[in-house]
Amino acid sequence: MQEISMVDLHGQYLKIKTEVNEAIQGVIDSSAFIKGTDVMAFQDELSEYMNVPHAVACGNGTDALQVAMMALGLQAGDEVITTPFTFISTIEVIKLLGLKPVLVDVLDDTFNLDPGLLEGAVTNRTKAVVPVHLFGQCADMDRIMDFARTNGLYVIEDNAQAIGADYKSADGSIRKAGCIGHIGTTSFFPSKNLGAFGDGGALFTGDDNFGTKLRSLVNHGMSSERYYYDQVGVNSRLDTLQAAILRIKLRHLDEYHRARQKAANFYDEALSGIEEIQIPVRSAFSSHIFHQYTLQLAPEKRDELKQYLNEKRIPSMVYYPVPLHLQRAYKDLGYQEGDLPVSELLSGKVLSLPMHTELEEEQLVYICQQITAFFRG
Ligand SMILES: *Cc1c(COP(=O)(O)O)cnc(C)c1O
């Protein structure tokens, strides 16, 4: 049996090696490393895949969040509501822009923002809500959008972990995650479901005005006339090599999702009978593309299981060990332990299992046997 890894980027590459190598060579031959034709082509193909009028490529998923907030004209002192149970990027750019992060807790089954808590967090300074579609499935966008409409707020979807997931509204309409709010963002960090061979990111919007703004902001705020600047921007572009690689990988994205879903179904079936663990809960309104396959179990058992699996050469990870409000860098926000109890509890209970497109049945069988053995002896 092959060594088991959390993610297997090399195995995935080997299956598309010829195509990818040719594309890379093509970019080198053209030597249009920035703003080459692959960048425009990738944006077009991505906007078609996402079924959204504007897809704007940028340097990474963190910049995408920052640029989204800049495009919405958020001003220092404005409040932005988001979740503490996520990667650091969201709160980081809120702080960097001089905005105030206001954190609301998540649901203990899906790990996504609890829309019932928005009412208690909104003030007259609140300007935006940033739901994160964590681990591969959507937050409750119907309720979040309703709340935002009622309160005149913008919604930025952090879709770094759920690119390609489908959200089904109560009215029956189906849209891609990241294309429901005013602006959606994503990341092409190598281990994301659509990963580049380096950093990359993108923004999505259905609004023509925001689309124009985003395109300008990622390119120093330049207007349509070269070397004339209408607004303060940033330098955050997707380079041509990454775009050329992503064009190829985008064609395989649905197949990658199916491979992850197959592994998740296998885990579900093999582990659902173990009462000490809770397998991932799937929301009725969203497909799940399993960026992570995350179990919940009692904190003491979690650490023991992690150690046990490690001895059996099975990697596992804790996403995320410390909720953002308890991170030292964000102490000045004034949160205390106990303020966001669900996220704090989850940090002790979660354990993500190996999840990628190249998992073999033999490996899945072995992982599940070992987990079963841990509980049943
Ligand atoms: C990966 C990630 C980001 C940041 O993306 P980068 O491309 O690494 O900057 C932001 N939000 C979430 C939820 C992520 O998982």
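Predicted model: local features only at pLDDT ≥ 70, side-chain atom pairs only at ≥ 80, totals over all residues.
Local features require pLDDT of at least 70, side-chain atom pairs count only at pLDDT 80 or more, and totals for chains, interfaces and linings use all residues. Residues are numbered from 1 along each chain as its sequence is written, and side-chain values use heavy atoms, with hydrogens and water left out.

The ligand is surrounded by 14 residues, counted if one of their heavy atoms lies within 4 Å. Gly 61, Thr 62, Asp 158, Ser 187 and Lys 192 are the closest. By class, this shell has 4 nonpolar, 8 polar and 2 charged residues. Here Ala, Val, Leu, Ile, Met, Phe, Trp, Tyr, Cys and Pro count as nonpolar, Asp, Glu, Lys and Arg as charged, and the others, Gly among them, as polar.

A polar backbone atom of Gly 61 is 2.7 Å from a ligand oxygen. For an N or O atom in the side chain of Gln 161, the distance to a ligand oxygen is 2.8 Å. The protein covers 93% of the 380 Å² of accessible area that the ligand has on its own (Shrake-Rupley method, 1.4 Å probe).

The structure holds 13 aromatic pairs, with ring centres within 6.5 Å. One of them joins Tyr 267 and Tyr 293, 4.7 Å centre to centre. Their planes are 35° apart, a tilted arrangement; under 30 degrees counts as stacked, over 60 as edge-to-face and the rest as tilted. Tyr 267 lies in helix 9 (residues 253–271) and Tyr 293 in strand 10 (residues 293–296), 26 residues apart. Helices (H or I, at least four residues) and strands (E, at least two) are DSSP runs, numbered from the N terminus.

Most residues other than glycine have a negative phi, and most peptide bonds are trans. Ser 31 has a positive phi, near 55°. Ser 31 sits in the loop between helix 2 (17–30) and helix 3 (37–50). Tyr 319 and Tyr 320 are joined by a cis peptide bond, with omega about 10°. Tyr 320 is in the loop between helix 10 (299–311) and helix 11 (341–349).

Key:
Polar contact = N/O pair within 3.5 Å; in protein donor to acceptor, adjacent residues only side chain to side chain. Phe/Tyr/Trp six-rings, centres within 6.5 Å; stacked < 30°, edge-to-face > 60°.
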